[in-house]
Amino acid sequence: MFKTALQTITWGDPQHHLFDHILGQARAAGFQGVEIGFRRLGQVSIDEFRSLLDKHELELSASHVGGNLVDLTQAADERAGLDVVLKCLEGLGSRYLIYSGLNIPDDEALDAEIARIGDFAERCADRGVTLLYHNHDWEFRDDCRIWKRLRAAQIASLGFAPDLGWAAKAGYGIATLLDELGPALKVLHFKDFASQEDGQNTCHLGTGVIDFAPAWAWLARHREQDLWLTAEQDFAEDNDQACAVNGAYLRDQLTSIGT
């Protein structure tokens, strides 16, 4: 079953004082869930955000952390840091924690961080949460050096939340990416870019240079898979309009494949 979610990154920082507005916009745009970075989500209490989810009839599809897994919440102790995140997800009924990072040039340091991802994935699994890796473009540069090393590690408890836009912008085929991840896919991020130039020149879904047709064809063949389809636009001139347009894009595409 497919559900749609909004990544709230579009509203920038800080945004916790806008959560009621953002969730209202997400619901109006037809989204069933929201995905929020933990450094934003962690600014409000679990009870406060739970009441907002209930008010707007939304789910927390996932939360997102980035950077070095040693210091998820700037806590001195890494175990305490992860426990804070997992307690929040547990309280909000969310099953997924998304991690992005690994932009590491040194192979030895890269392998050490991948091993740490494995440790964190197991700790998440012990708490009923699946850690998901989220790519940018750097994983597919330099003959996919980072991507190959991550995949070669074969971390059984690690799932994936691939960013289709970043992968395509780096020249990695969307169909290839989805086929190789298969059942490990839990979340798909749809991000469009105004051009192939480097940088986060994001735009409304369906208006840029990314061809998502292979993704929709793949999804049409895998209707039985439990997936969150997430709209993510880093920047927009009008945040509310971006939410509405991106929500309409996902709804229209889902209708076109008969779901």
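Visitor: Where does Asp234 lie?

Guide: Asp234 sits in the loop between strand 10 and helix 10 (239-256). Helices (H or I, at least four residues) and strands (E, at least two) are DSSP runs, numbered from the N terminus. A word on the source: this is a predicted model, where local features need pLDDT of at least 70 and side-chain atom pairs count only at pLDDT 80 or more, while totals for chains, interfaces and linings use all residues. Residues are numbered from 1 along each chain as its sequence is written, and side-chain values use heavy atoms, with hydrogens and water left out.

Visitor: Is Asp234 buried or exposed?

Guide: Start with the cut-offs. Buried means under 20% relative accessible area, exposed over 50%, and partly exposed in between (1.4 Å probe, protein chains only). Asp234 has 5% relative accessibility, so Asp234 counts as buried.

Visitor: Which side chains make a polar contact with the side chain of Asp234?

Guide: A polar contact is a pair of N or O atoms within 3.5 Å; within protein, one must be able to donate a hydrogen and the other to accept it, and residues adjacent in sequence count only if both atoms are side-chain atoms. The side chain of Lys191 is one partner, at 2.8 Å. The side chain of Gln200 is another, at 3.4 Å. Now take plain contact, meaning heavy atoms within 4.5 Å. Leave aside neighbours within four places in sequence, and Asp234 is in contact with Ile9, Thr10, Lys191, Gln200 and Thr202.

Visitor: In what order do the eight strands of the open sheet come?

Guide: First the general idea. Strands of a sheet pair through backbone hydrogen bonds, either parallel or antiparallel. Two strands pair here if DSSP finds at least two bridges between them. The open sheet has the order 6-5-4-3-2-1-10-7, and the pairing is parallel. Strand 6 (158-160) and strand 7 are the edge strands, as each pairs on one side only. On average, neighbouring strands of this sheet are turned by 30° against each other, direction ignored. That angle uses axes, which are lines fitted to C-alpha atoms (for helices over the stretch in contact), and angles run from 0 to 180 degrees between N-to-C directions.

Visitor: How many bridges join strand 1 to strand 10?

Guide: Five bridges join strand 1 (residues 2-7) to strand 10, and the two run parallel. Thr4 stands opposite Leu229 in strand 10. Strand 7 also pairs with strand 10 (residues 227-231), in the parallel sense, over four bridges. There, Val187 stands opposite Trp228.

Visitor: Which way do the residues of strand 7 point?

Guide: In a regular strand the side chains alternate between the two faces of the sheet. In strand 7 (residues 187-190), Val187 and His189 point one way, and Leu188 and Phe190 the other way. All of them are buried.

Visitor: Now a helix. Which residues of helix 3 are buried?

Guide: An α-helix has 3.6 residues a turn, so residues three or four places apart point the same way. In helix 3 (residues 46-56), Phe49, Leu52, Leu53 and His56 are buried. They cover an arc of only 100° around the axis, which puts them on the same side of helix 3. The arc is that of the directions from the helix axis to the C-beta atoms. Asp47 and Lys55, on the other side of helix 3, are exposed.

Visitor: What follows helix 3?

Guide: Glu57 does, with a positive phi near 55°. Glu57 is in the loop between helix 3 and strand 3 (59-66). Its relative accessibility is 56%, so Glu57 counts as exposed.

Visitor: How many aromatic pairs does a search of the whole structure find?

Guide: The search finds 10 aromatic pairs. Rings of Phe, Tyr and Trp (its six-membered ring) pair if their centres lie within 6.5 Å; planes under 30 degrees apart count as stacked, over 60 as edge-to-face and the rest as tilted. Phe140 and Tyr172 have ring centres 4.6 Å apart and planes at 25°, so the pair is stacked. Trp147 and Phe160 form an edge-to-face pair, 5.7 Å centre to centre with 65° between the planes. Trp147 is in helix 6 and Phe160 in strand 6, 13 residues apart. Phe140, Trp147, Phe160 and Tyr172 form one aromatic cluster.
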